[in-house]
Amino acid sequence: MAKATTTIRQTLNYNPASGAWFAATQTLFNQIAAFYFSVIQAHERVLALGNQQALTALEKLTHATAINPDPVMPLRSIAAGIPAMFRRAAINAALGSARSFYSHLSRWRQRKEKAEAKGKKFKERPPVPPRTWNKSVTLYAGMWKERNGSSIMIKIWTGSCWSWIRARVTGRVLPEGWELCSPQLVYRGGRWYVHTPVEKKIQNPVTIAKQIKTNEQTRICAVDLNLNEHIAVCTVRDGEGSTLATLFIGGGQRVSGFRKRVLGRIARNRKQTGIIAEGEQDNADLWKKIRNGDDYVAHRVSKRIVQFAQEHGASILVFEHLGNLQPTKGKYSKRSNEKRAFWMKGRIFTDTKYKAYHAGMLTSRVSPRNTSRECACCGSLVARYAEGQEAQGYTSGAPLVYCASCGMRKNADLNASLMIGNRLFERFGICFQEKPQTPPATEREEQSSGVTVLQEPNIQVVGHGRA
């Protein structure tokens, strides 16, 4: 069995006084976390222990009890009467930061020793401990209760005492059948939210190699991600290589146009403003609009891809491995638009991967080399052209392809999607021979009996919604 995990983000509805108390609680949490980080620095051997043993050791060093009335570094110097679960959440936050810092420090020392052993100058600066603390409050059991679909009771620090308050929540509904983990109190964009991780046990999917080699009924869904009108083109194929269904997800030009218009506004604003101060975010609202639009599209497209694969019984999703895409030269808005379109493609893959895993499907990536230049039927180089042009040469981004060797004519993105699926089959030694083209009606022999049924893959063309 495996675990599927996701986070449900909900908005807290509260009065101004409660907002001030949330802020006071977070400030106290970070003070305690910073205190325990300093304790760990004074007792580095604690990091050699497991998390549970380290937590126990740190409590013995700081928490006064009847058996241990005088700890070495008492926590009461920060505050008294801190709830045990609040303290332990801060300890775990400090442990995580300390493990990360000392891991970076150890690797820095190794790089330094390696460089000095070779007689080279080592100019890289060492990592430094956190100078400020701004962690969100993790609410362990005992710090929250009476959770339902519309409200939650939270134990908070008011600045003078600990009190229970009830806050209404709005947003996504907690899914049924999932186990609730410790929520977090998160401050973002001037508002407070509660982020709740949820998890459930799922059947661990069989490996891709075993599925393809041992199960003839295995179906794959190959996905070609693009920058033109079709954001994604998906094809579902069976173990014999036959195409069962095709999905075109459109709206790419609309998304690109929206992003380009906003980037143009940013460029004009920068031209009017002049020099931008270092460390300041200019045009914050416009950048946020671009990020939100790209995130929205990535989630919608990834969800549609997974739904399409589920509808047609696919258990494997295949993508190209696109990691070195560079924008072309041109104006600022054009280069930035392409760069963010590349980022969105990566985001679509990331979102699809975890959503597919939650649905019991695995994801793989193959080499993108010549997936748009080779014929999916015979492997020969194709001509790529636009409608109304002669089918010769290769015009990047053109919508149609033609193979002179086998006579194949297809949509260019569809051909690329089929090639991506071929690459996965070839990885496991499965190659599909070219199927002969259907002869014209004038060349068909007369049939004396029987009925011929022409079977075509189910082709769908959808949009992703607004940006």
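Trainee: How far apart are the closest N and O atoms in the salt bridge of R347 with D351?

Mentor: A salt bridge is a side-chain nitrogen of Lys or Arg within 4 Å of a carboxyl oxygen of Asp or Glu, and for R347 and D351 the closest N and O atoms are 3.2 Å apart. This is a predicted model, in which local features need pLDDT of at least 70 and side-chain atom pairs count only at pLDDT 80 or more, while totals for chains, interfaces and linings use all residues. Residues are numbered from 1 along each chain as its sequence is written, and side-chain values use heavy atoms, with hydrogens and water left out.

Trainee: Where do R347 and D351 lie in relation to the helical turn?

Mentor: Helices are DSSP runs of H or I with at least four residues, and strands are runs of E with at least two, numbered from the N terminus. R347 and D351 are four residues apart in helix α7 (residues 332-358), and therefore about one helical turn separates them.

Trainee: Is R384 buried or exposed, and which residue is its salt-bridge partner?

Mentor: Buried means under 20% relative accessible area, exposed over 50%, and partly exposed in between, with a 1.4 Å probe and protein chains only. R384 forms a salt bridge with D413, with 3.9 Å between the closest N and O atoms. R384 lies in strand β14 (residues 383-385) and D413 in helix α8 (residues 412-427), so the pair ties together parts that are 29 residues apart in sequence. R384 is buried, at 7% relative accessible area, and D413 is buried as well, at 5%.

Trainee: How many aromatic pairs does the rule give?

Mentor: Rings of Phe, Tyr and Trp (its six-membered ring) pair if their centres lie within 6.5 Å, and planes under 30 degrees apart count as stacked, over 60 as edge-to-face and the rest as tilted. The count comes to 12 aromatic pairs. One of them, F101 with Y102, is edge-to-face, at 4.9 Å centre to centre and 70° between the planes; F101 counts as buried at 10% relative accessibility, and Y102 counts as buried at 16%. One aromatic cluster is formed by Y14, F22, Y187 and W192.
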